[in-house]
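Hi,

Here is the structure I said I would pass on.

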Amino acid sequence: MSLLVGSRLWCRYQQRAVVDRKRPISRSGVKPAKCPVDHDPSPKPAQCPVDHENINPSNQMPTLSQDPAKHQSIQLPTYRTESSIPRDDSTKWEYPSPQQFYNALVRKGWETPEEHVETMVEIHNFLNEEAWEEVRKWERRQGSDDGLQLTRLRGRPNELSPKARLYMVAGWLLPSRFNTEPPFDRHDWIVRRPKTGEEVRYVIDYYSAPPEPDGSPVFSLDVRPALDSFGSLKERIAVATEEVWASFRENDKKSSNSRE
């Protein structure tokens, strides 16, 4: 949760999240970020397969078919998992079923092994739950996380955020410290604070990281309020300052221990 450069949420997907806060690292020699499943020797740039632009106004969800795709060889589940993310006072968002997810992949021209689709859906859902928890951490600083709602969202995979561009420039200048790869996806989430009715836009950049030795995929989420208001700017400056001082104190403590 930083203003320009700093820590991000690192998530290892393996039954449960193992979260660690680190500075962005260089990933030289690692293939460009992409979906965990290798689709073909020359895959298209990775992004969320679910089309968030074509929203059904009756339920605020993408319109995705539950019918099997042409040439589909195995049957995929059609159940939809309810998220922990409130949409309004009475309902929560639902994630696409494996069948809908697969149909979205097919529509985008991504050839994905059908047996991997359920795992991909689990990772998709896991990342969104982690992103929501990060949003709530920001909102707790304002005392606004109680009853917080995600009213709408927009996928913008082909639009780099200013911060993502800055990370890439930093990577070119300081490749030993920063990554030069772009995020594989971007979402803009609009959340409502029920107590005041205020709506706040959050920007979420999704990054891939080198997998664990056991093959477990690792992801980095950069979640922060967009600089749409003075309040969001002030909060991001405050968090960035806190992180700098926390890092300074940690380094000072390590230095003291090494001298003893």
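I'd start with tryptophan 132 and tryptophan 189, which are both buried. This is a predicted model, by the way. Tryptophan 132 sits in helix α2 (residues 117-140) and tryptophan 189 in strand β8 (residues 185-193), so their pairing ties together parts that are 57 residues apart in sequence. The ring centres are 6.4 Å apart and the planes meet at 40 degrees, so this pair counts as tilted.

Then there's tyrosine 167 with tyrosine 207, an edge-to-face pair at 6.5 Å centre to centre, with 90 degrees between the planes. That one also links distant parts of the chain: helix α3 (residues 162-173) holds tyrosine 167, strand β9 (residues 198-209) holds tyrosine 207, and they are 40 residues apart. Tyrosine 167 is buried at 3% relative accessible area, and tyrosine 207 is buried too, at 1%. The total comes to 4 aromatic pairs, and ring pairs also join Phe184, Tyr206 and Phe219 into a cluster.

As for the overall layout, the chain has 4 helices and 10 strands, running β-β-β-β-β-β-α-α-β-α-β-β-β-α from the N terminus. Of its 260 residues, 46% are buried. Among contacts between residues at least 6 apart in sequence, 63% join residues at least 24 apart.

Most residues other than glycine have a negative phi. Histidine 71 is exposed, with a relative accessible area of 70%.

Cheers

Methods. Residues are numbered from 1 along each chain as its sequence is written. This is a predicted model: local features need pLDDT of at least 70, side-chain atom pairs count only at pLDDT 80 or more; totals for chains, interfaces and linings use all residues. Side-chain values use heavy atoms; hydrogens and water are left out. Helices (H or I, at least four residues) and strands (E, at least two) are DSSP runs, numbered from the N terminus. Buried means under 20% relative accessible area, exposed over 50%, partly exposed in between (1.4 Å probe, protein chains only). Contact means heavy atoms within 4.5 Å. Rings of Phe, Tyr and Trp (its six-membered ring) pair if their centres lie within 6.5 Å; planes under 30 degrees apart count as stacked, over 60 as edge-to-face and the rest as tilted.
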